[in-house]
Amino acid sequence: MNSSLIRRIAVRVERPLMQSDEVAVRLACNLAKEAGASVQALAYATNVLSSQTGEVDGSLASAKAELEAWAQEAGAPIVVHDRTNFAEGIGETFATLLQLCDLGILGVPAQQSAGFRMIASTAIFNGGPVLFLPENKTPPNSFSRIMVGWKTGAAASRALKAAIALAGIDSEIVIAQIEEPNTLRADELGIEATHFAAAHGVRAQFHAIPAQGRNAHAALVDAAEEFEADVLATGAIRHGPIHQSLFGSVTRDILEDGFDRPTLLVG
């Protein structure tokens, strides 16, 4: 990780804590230790039924003790916040914290609730870069290969910059552009993006990926598997309903289809 670019990492956890929360917090603490950064943890309940069962302690004190134990094990500083502003929605609360952090991390539960999708969407478009971690896959402590889905525009540029910040000293970035119909040449700006990464000390390579009848999301997922990428990074764009119904949306497909690997979304 580029320690000069990441100083504060935000995580959001449920109360009581879930398996997906542990995955997110442990990685955040490991990355913070490596970068000399701090972890800002926001702990509040969105699942009202689970918080009222009484089977597990869902108090802030219980969550705080467990989060601090994980941080101490990793050797990273952590600050645990409660949801103090109830004028904001459940997604806006995390987005507000993320606005003053360099990276957000969310553990993705096996069963995604409407509340999780709301938090995820609001954080992406109103907060900052968010790294999503599937709870059923243990992420590496450092990422050796990051694939960036490239398409000329501000969103892809922000995704590339976030990937550079996440990359370690020995990491490599694969800049992958899905070939569109009737495209005769690779995007020169995509190739130039490899030089931009190199200027920040990160090895990079550019690849044009044939669509072969797949939508952009499916093509990127297949390419990430082929290149054995630890993380798939892509810009997130909010389209209107008419555009989405006609042309689809990579962001919508990712949020609805789920995450098969660590995925960095940047609005």
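Helices and strands are named here as DSSP runs, numbered from the N terminus, a helix having at least four residues and a strand at least two. The model described is a predicted one.

**Helix H3 and its surroundings**

The buried residues in H3 are Ala-63, Leu-67, Trp-70, Ala-71 and Ala-74. Viewed down the axis of H3, these buried residues fall within an arc of 100°, so they line one face of the helix. Their packing partners are strand E1 (8–13), helix H1 (19–35), strand E2 (38–43) and strand E3 (78–81), whereas the face of H3 turned away from the buried side carries Ala-61, Gln-72 and Glu-73, which are exposed. Just after the helix, Gly-75 takes a positive phi of about 80°.

Pro-139 is placed in the loop between strand E5 (130–134) and strand E6 (145–150), while Glu-172 belongs to strand E7, which covers residues 172–179. Residues under 20% relative accessible area count as buried, and therefore Pro-139, at 12% relative accessibility, is classed as buried; Glu-172, at 11% relative accessibility, is buried because of that cut-off too. The table lists the contacts of each residue, leaving aside neighbours within four places in sequence.

| Residue | Relative accessibility | Residues in contact |
|---|---|---|
| Pro-139 | 12% | Val-23, Leu-27, Leu-133 and Pro-262 |
| Glu-172 | 11% | Ser-144, Arg-145, Ile-146, Arg-203 and Gln-205 |

**The packing of H4 with H5**

Two packed helices are described by the angle between their axes and by the distance between those axes. For helix H4 (residues 90–98) and helix H5 (residues 114–126), the angle is about 35° and the axes are 8 Å apart, and the crossing of the two is right-handed. On the H4 side, the residues that meet H5 are Ile-90, Gly-91, Glu-92, Phe-94, Ala-95 and Leu-98, and on the H5 side they are Gly-115, Met-118, Ile-119, Thr-122, Ala-123 and Asn-126. The residues of this contact between H4 and H5 divide into seven nonpolar, four polar and one charged.

Technical notes: Residues numbered from 1 in each chain as written. Predicted model: local features only at pLDDT ≥ 70, side-chain atom pairs only at ≥ 80, totals over all residues. Heavy atoms only, no water. Buried < 20%, exposed > 50% of the residue type's maximum accessible area, 1.4 Å probe, protein only. Arc of directions from axis to C-beta. Contact = heavy atoms within 4.5 Å. Axes fitted to C-alpha atoms, helices over the stretch in contact; angles between N-to-C directions. Left-handed = near helix turned anticlockwise from the far one by under 90°. Nonpolar A, V, L, I, M, F, W, Y, C, P; charged D, E, K, R; others polar.
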